[in-house]
Amino acid sequence: MHSEHKPEVSLFHGEAYDVHTRNHPPDPNPPNLSKLPKQNFPIYEGETTRLLISQAEDYFDMYEVPPHQWIKISRMNFRGAAGRWIESIPQPDRLPWPDFCKMLHDRFGRDQRDKLVRQMFHINQISIVTDYVDRFSSLFDQLKAYQPNPDMHYFTTSFVDGLRDDIRMVVTLQCRSTLDTAYSLALLQEEVAASTPKTDTTRMGFR
């Protein structure tokens, strides 16, 4: 008897990427690349690192770029902080693609994740619910790229806690098993509150 060893799941594109997996035998019926719309290689300025690596690999696969040219093509499209960083790397073109991707994540990916986490701690409703939903879902989608299996209860609770008091009280009492359900309940409660005449509490003896 022997125990089966399960490989670790990569948390980001390129971390354990085997370039030979895309160097498959020639397709007997290769696609006609001339019919593909010309796609520009993505510009990278030090943000959205995971997206950059994913789009770059798709680009290389679609246009059948040889692996030894991947880094050279990538760094030609680095700007700003990323451009300054790549200039500090001696002979980056000689690095294996997985090592290059790990260096990108170590330099830019972790900072981006920490920045998103800090924003999530402080986000709350400051205007209408639609605006809050847009800002919260944007943060959630970006953080989910760094956490393949997010704790949905945590994010749902965080969303509800950031709602305006009158809306939060009602949504908290409802069934909110998913984040989308919480979004819908908050939007519905705002609509109901807007259509309900406000009671003059001063006449009822309330301060």
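I take buried as under 20% relative accessible area, exposed as over 50% and partly exposed as in between, with a 1.4 Å probe and protein chains only.

**Ground rules.** I am reading a predicted model, in which local features need pLDDT of at least 70 and side-chain atom pairs count only at pLDDT 80 or more, while totals for chains, interfaces and linings use all residues. Residues are numbered from 1 along each chain as its sequence is written, and side-chain values use heavy atoms, with hydrogens and water left out.

**Overview.** I found eight helices and zero strands in the protein. Helices (H or I, at least four residues) and strands (E, at least two) are DSSP runs, numbered from the N terminus. Of the 207 residues, 33% count as buried. I also looked up contacts, meaning heavy atoms within 4.5 Å. Among those with a separation of 6 or more, residues 24 or more positions apart account for 59%.

**Positive phi.** I went back to E64, which sits in the loop between helix 1 and helix 2 (70-75). Its phi is near 55 degrees, a positive value in a residue other than glycine. I noted T48 as well, with a positive phi of about 45 degrees although it is not a glycine. T48 belongs to the segment before helix 1 (49-62), and at 40% relative accessibility it counts as partly exposed. As a reminder to myself, most residues other than glycine have a negative phi.

**E47 and its partners.** E47 also lies in the segment before helix 1, and I have it as partly exposed, at 46% relative accessibility. Which residues does E47 contact, leaving aside its neighbours within four places in sequence? They are Q112 and K115. E47 and Q112 are 65 residues apart in sequence, yet their C-alpha atoms are 6.8 Å apart. K115 is in helix 4 and is partly exposed, with a relative accessible area of 36%. I also checked K115 against L143: they are 28 residues apart in sequence and 9.9 Å apart in space, C-alpha to C-alpha.

**Helix 4 against helix 5.** That took me to the helix pair. The axes of helix 4 and helix 5 come within 10 Å and cross at roughly 145 degrees. For this, axes are lines fitted to C-alpha atoms, for helices over the stretch in contact, and angles run from 0 to 180 degrees between N-to-C directions. On the helix 4 side I listed Q112, R113, L116, V117, Q119 and M120, which meet F136, L139, F140, Q142 and L143 in helix 5. The residues of this contact divide into seven nonpolar, three polar and one charged. Here Ala, Val, Leu, Ile, Met, Phe, Trp, Tyr, Cys and Pro count as nonpolar, Asp, Glu, Lys and Arg as charged, and the others, Gly among them, as polar.

**The cores.** A nonpolar core is a set of buried Ala, Val, Leu, Ile, Met, Phe, Trp, Tyr and Cys residues joined through side-chain atoms within 4.5 Å. The largest has 22 residues, and those with the most contacts inside it are M120, F136, F159, L163, V171 and A186. Two or more residues each come from helix 4 (97-122), helix 5 (129-144), helix 6 (152-161), helix 7 (165-173) and helix 8 (179-195). Which helix gives the largest share? I found that to be helix 5, with seven residues. Apart from this core lies another, of 21 residues, among them L52, I53, A56 and I89.

**Helix 6.** I kept this helix for the end. Its buried residues include F155, T156, S158, F159 and V160, and what covers the buried residues includes helix 4, helix 5, helix 7 and helix 8. Leaving aside neighbours within four places in sequence, F159 is in contact with Y132, V133, F136, L179, A182, Y183 and A186. S158 is buried at 18% relative accessibility, and, not counting residues up to four places away in sequence, it touches Y132 and F136.
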